[in-house]
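Student: I have a structure to read and some terms to sort out. Can we go through them one by one?

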Amino acid sequence: MDADTTTHRYEQLADLIVRMIDNGTLAPGVRLPSVRAIGAQYGISISTVLQGYRLLEDRGILVARPQSGFYVAATQGGTLALPSTSRLRSKASTVSISGAVAALLEHASNSALVPLGCAVPDAALLRSHRLDLALARAARQHGAHYNVYGAPRGELRLRREIARRAMRIGHALSPDDVVITSGCTEAVTLALSSVAKPGDTIAVESPTYFGLLHTLEMLDLKALELPTDPTRGVHVDALARLLDTEPVAACMLSSSFSNPLGSLMPEAQKRELLALLARHAVPLIEDDVYGDIHFMRERPRPFIALDGGANTIYCSSFSKSLAPGYRIGWIAPGAFAQQVMDRKLAFSLCSPVLPQVALADYLASGAYDAHMRRLRRLLEENLLRLTRTIEASFPAGTRVSRPAGGFALWVELPKGFDSRALFDEALEHGICFAPGDVFSASRRFRNCLRLSAGSTWSERIDKGVRRLGELARTQRTEDRGTLAVK
Ligand SMILES: Cc1ncc(COP(=O)(O)O)c(C=O)c1O
């Protein structure tokens with residue numbers, strides 16, 4: 001390493017590593033030599049090496065794993081281009097998605113199919129055994145005591161644990177600011193119905209989670225689909241132009257790692273968006289179900305931590321990280337506390353007490369943090385494997401997302417491709433995935449699909465992805481044949 005240049009040595013080291021990643025010497029997922037070994041090799045101090053590694057970690061090029069070392073990020077150096085940014089739609093769409101969602105959910109829960117369609121980690125990854133024991137203990141020891149209508153806000157001990165965790169994401173919440181819900185789904189329903197009335201318009205990411213579209217349909221709300229970048233999320237300037245002409249009752253966004261794109265809006269852009277919405281007095285509803293599943297040094301901060309909750313309703317749950325079956329989510333409704341409580345009482349009165357008690361015990365034991373460290377590592381590896389398998393087996397011209405969290409990939413196939421036809425064919429081959437058009441109110445993204453990497457990687461999954469790639473390649477060849485005949 002050159003001692004005479006004006007560039008710091010840690011920067012020179014970082015440049016060297018980037019070059020080695022670019023030329024393929026260091027492949028994604030590979031562990032870097034230890035800080036000590038590199039220091040000895042280049043005659044530089046351990047703190048200089050660490051500074052270089054940290055610089056690359058902050059840029060998302062390396063990932064630090066506790067007690068293990070630094071790795072080339074799984075999302076680096078992919079050979080496929082990123083999906084395109086979605087186009088602006090200047091008018092809101094009425095949503096009619098319920099039939100397609102019901103059909104997809106039925107297939108996605110069919111364990112006989114290769115599970116590329118489910119947006120939930122499998123039981124082996126969730127490892128809820130300790131939580132289940134806590135539930136059994138609470139039922140055995142105090143079952144009768146908890147067999148009551150609980151507090152409408154939810155169990156105080158659980159709300160305390162949730163409020164304690166909010167401190168780590170940079171936001172001070174008190175237990176009284178939190179209402180326990182039946183998953184994030186109920187939280188989002190409470191939020192939307194509190195801020196909007198039938199016929200109103202909600203601005204959403206595009207593509208967006210089909211469950212949200214389904215909720216909009218059931219509440220008779222329209223969706224205004226915003227142009228969304230696959231890595232940076234919604235375009236704030238496009239939203240600014242729309243807000244000048246379109247009446248929007250609320251904006252509904254993912255806090256981090258949107259479903260299906262996996263995009264993460266940079267913090268400066270989040271602040272810009274919050275300022276814009278505040279100027280127009282449009283509340284923001286955020287969904288943070290994937291925030292804990294990050295592959296970065298720090299958990300990304302949600303919007304609520306950036307505006308202090310002044311104009312934000314925060315929704316989340318434990319469904320993606322620990323216990324989808326316990327159906328425990330929560331909402332921090334901020335200025336809409338009264339509206340949300342009125343609706344909570346009307347829609348479900350209160351949430352079941354025993355699962356809340358068990359989850360509070362589990363969180364207080366500290367087990368969640370250790371569990372999340374493991375889960376993040378496994379899901380990141382899964383995503384890497386899924387990316388590599390797509391690269392090896394999908395048609396030329398395929399594009400794929402590179403999320404730094406979550407466990408799904410958004411795959412864009414060349415224009416004219418029909419992921420609905422592929423879906424039907426894949427089912428016949430025992431494979432399930434989510435076709436692109438369910439992620440849009442205007443049924444766009446027909447040439448796209450979402451593949452989930454939430455199941456422990458296995459030969460069955462590997463073969464399923466390869467088979468899907470083969471089916472896609474065949475459709476491509478057949479298309480060309482049809483065009484040639486025409
Ligand atoms: C973005 C997003 N929000 C909410 C949910 C549903 O969460 P819950 O099971 O906690 O209701 C999902 C499930 O796929 C999701 O992807």
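Tutor: Start with pairing: two strands pair if DSSP finds at least two bridges between them. Strands (E, at least two residues) and helices (H or I, at least four) are DSSP runs, numbered from the N terminus. This is a predicted model: local features need pLDDT of at least 70, side-chain atom pairs pLDDT 80 or more, while totals for chains, interfaces and linings use all residues. Residues are numbered from 1 along each chain, and side-chain values use heavy atoms, without hydrogens and water.

Student: How do you know that strand 15 pairs with strand 18?

Tutor: Five bridges join them, and they run antiparallel. The definition asks for at least two, so strand 15 and strand 18 pair. Valine 411 stands opposite leucine 449 in strand 18.

Student: What makes glutamate 412 lack a salt bridge?

Tutor: A salt bridge needs a side-chain nitrogen of Lys or Arg within 4 Å of a carboxyl oxygen of Asp or Glu. For glutamate 412, in strand 15, the nearest side chain of opposite charge is arginine 399, 4.2 Å away. Lys and Arg count as positive, Asp and Glu as negative; His and the chain ends are not counted.

Student: Why is alanine 119 called buried?

Tutor: Buried means under 20% relative accessible area, exposed over 50%, partly exposed in between (1.4 Å probe, protein chains only). Alanine 119 has 17%, so it is buried. Alanine 119 lies in the loop between strand 4 and helix 5.

Student: What does alanine 119 touch?

Tutor: Contact means heavy atoms within 4.5 Å. Not counting residues up to four places away in sequence, alanine 119 touches several residues, including Tyr290 and Arg450.
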